[in-house]
Amino acid sequence: MKPLRPLAPLAAAVLLVGCTTTNPNSGQTQRNQTGTGAAIGAVVGAAAGALSGDGSTSRRDRALIGAAVGAAAGGGVGAYMDRQEEQLRRNMEGTGIGVERRGNDIVLNMPSSVTFGFDSSDLTPAATSALQDVSRVLTQYSETLINIVGHTDSTGDAAYNQRLSERRAQAVGQYLSQSGVSASRLNMQGYGENQPVASNETEAGRAQNRRVEMTLTPMTQS
């Protein structure tokens with residue numbers, strides 16, 4: 001079997017062009033999720049294309065065909081999540097709820113100061129307003145699964161904190177379900193004080209740990 005070294009320039013070119021874009025506001029180069037998916041798909045497709053065929057098509061032509069097919073497949077999920085992320089960022093602006101991209105996943109970070117009162121699992125009016133906007137996006141983009149996880153700080157009894165985190169996750173999930181999001185897409189759980197993101201030795205750290213995280217994951221990765 002011949003080595004795939006001739007494909008290296010093609011792979012490098014696709015990765016360099018596909019994985020970055022220019023931020024129109026800052027002018028800085030940044031990572032592009034859609035381009036990344038398409039680039040990875042292109043490289044995989046190129047390799048597969050080069051190894052396929054019956055000899056009637058040149059190795060390079062087969063690689064280019066495979067790259068085009070792979071780019072289309074790899075970019076599909078990224079583009080779908082890009083559009084969903086853009087709409088969520090627009091809707092969550094000014095609400096105090098953070099939007100973070102992790103690969104193809106989108107994470108909404110909902111601090112308890114925005115969503116719940118002290119020692120309560122009842123959603124605040126500000127939380128229900130924001131979740132109404134979230135539910136509109138989720139019903140529009142139905143090809144995602146939603147994992148809702150409650151977290152607390154380490155103050156007080158660990159068993160009580162576990163139950164509180166579960167109740168808060170359930171409250172968010174129930175509101176989304178009542179707002180039209182299919183219950184089959186929702187998974188709710190609580191981790192209590194077991195997954196801190198900051199030190200529990202300071203009030204600022206404890207405030208960061210008191211949160212509900214909603215992770216949106218595409219149903220298909222290809």
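# Strands, helices and cut-offs in a predicted model

Visitor: How do you know that strand 4 and strand 7 are joined, and in which sense do they run?

Guide: Six bridges join strand 4 to strand 7, and the two run antiparallel. Two strands count as paired if there are at least two bridges between them, so this joint passes. Keep in mind that the model is predicted.

Visitor: What other strand pairs with strand 4, and over how many bridges?

Guide: Strand 3 (residues 98–102) pairs with strand 4 in the antiparallel sense over five bridges. At least two bridges are needed, so strand 3 and strand 4 also count as a pair. Arg102 has Asp105 of strand 4 as its bridge partner. The hairpin of strand 3 and strand 4 has two residues between the strands, and Gly103 takes a positive phi near 65 degrees there.

Visitor: What makes strand 4 "mostly covered"?

Guide: Five of its seven residues are buried. The cut-off for buried is a relative accessible area under 20%.

Visitor: Why is strand 5 called largely enclosed?

Guide: Six of the eight residues of strand 5 are buried, so the rest of the structure largely encloses this strand. Strand 5 is joined to strand 7 by eight bridges, and these two run antiparallel. Within that pairing, Leu145 has Thr217 of strand 7 as its bridge partner. Strand 5 also pairs with strand 6, in the parallel sense, over five bridges. Ile146 stands opposite Leu186 in strand 6, and Val149 stands opposite Gln189 in that strand.

Visitor: What is the order of the strands in the open sheet, and what kind of pairing does it have?

Guide: Five strands form the open sheet in the order 3-4-7-5-6, and the pairing is mixed. Strand 3 and strand 6 are the edge strands because each has a single partner strand, which leaves one side of each without a neighbour in the sheet. From one strand to the next the twist averages 20 degrees.

Visitor: How do you know that the length of helix 6 agrees with its number of residues?

Guide: Helix 6 (residues 158–178) has 21 residues, and at 1.5 Å a residue it should span 30 Å. Its end C-alpha atoms are 30 Å apart, so the two values agree.

Visitor: What makes Asp157 a cap of helix 6?

Guide: A side-chain oxygen of Asp157 lies 3.1 Å from the backbone nitrogen of Ala159, at the N-terminal end of helix 6. The limit for a polar contact is 3.5 Å, so the distance of 3.1 Å falls within it. Just after helix 6, Gly180 takes a positive phi of about 110 degrees.

Visitor: Which elements do the buried residues of helix 6 pack against?

Guide: Those elements are strand 4 (105–111), helix 4 (112–115), helix 5 (125–140), strand 5 (144–151), strand 6 (186–190) and strand 7 (211–218). The buried residues of helix 6 include Leu164, Arg168, Val172 and Leu176.

Visitor: Why is Ser120 called buried, while Asp119 is called partly exposed?

Guide: Ser120 has a relative accessible area of 16%, so it counts as buried, the cut-off being under 20%. Asp119 has 40% and is therefore partly exposed, as that class runs between the cut-offs of 20% and 50%. Ser120 lies in the loop between helix 4 and helix 5, and Asp119 is placed in the loop between helix 4 and helix 5 too. Leaving aside its neighbours within four places in sequence, Ser120 is in contact with Leu164 and Arg168.

Visitor: Which residues have the most contacts inside the largest nonpolar core?

Guide: They are Leu138, Ile146, Ile148, Val172, Leu176 and Met214, in a core of 30 residues. Helix 3 (59–92), strand 4, helix 5, strand 5, helix 6 and strand 7 each give two or more residues to this core. Among the residues that Ile148 touches are Val172, Leu176 and Met214.

Notes. Residues are numbered from 1 along each chain as its sequence is written. This is a predicted model: local features need pLDDT of at least 70, side-chain atom pairs count only at pLDDT 80 or more; totals for chains, interfaces and linings use all residues. Side-chain values use heavy atoms; hydrogens and water are left out. Helices (H or I, at least four residues) and strands (E, at least two) are DSSP runs, numbered from the N terminus. The expected span of a helix is 1.5 Å times one less than its number of residues. Buried means under 20% relative accessible area, exposed over 50%, partly exposed in between (1.4 Å probe, protein chains only). Contact means heavy atoms within 4.5 Å. A polar contact is a pair of N or O atoms within 3.5 Å; within protein, one must be able to donate a hydrogen and the other to accept it, and residues adjacent in sequence count only if both atoms are side-chain atoms. Axes are lines fitted to C-alpha atoms, for helices over the stretch in contact, and angles run from 0 to 180 degrees between N-to-C directions. A nonpolar core is a set of buried Ala, Val, Leu, Ile, Met, Phe, Trp, Tyr and Cys residues joined through side-chain atoms within 4.5 Å.
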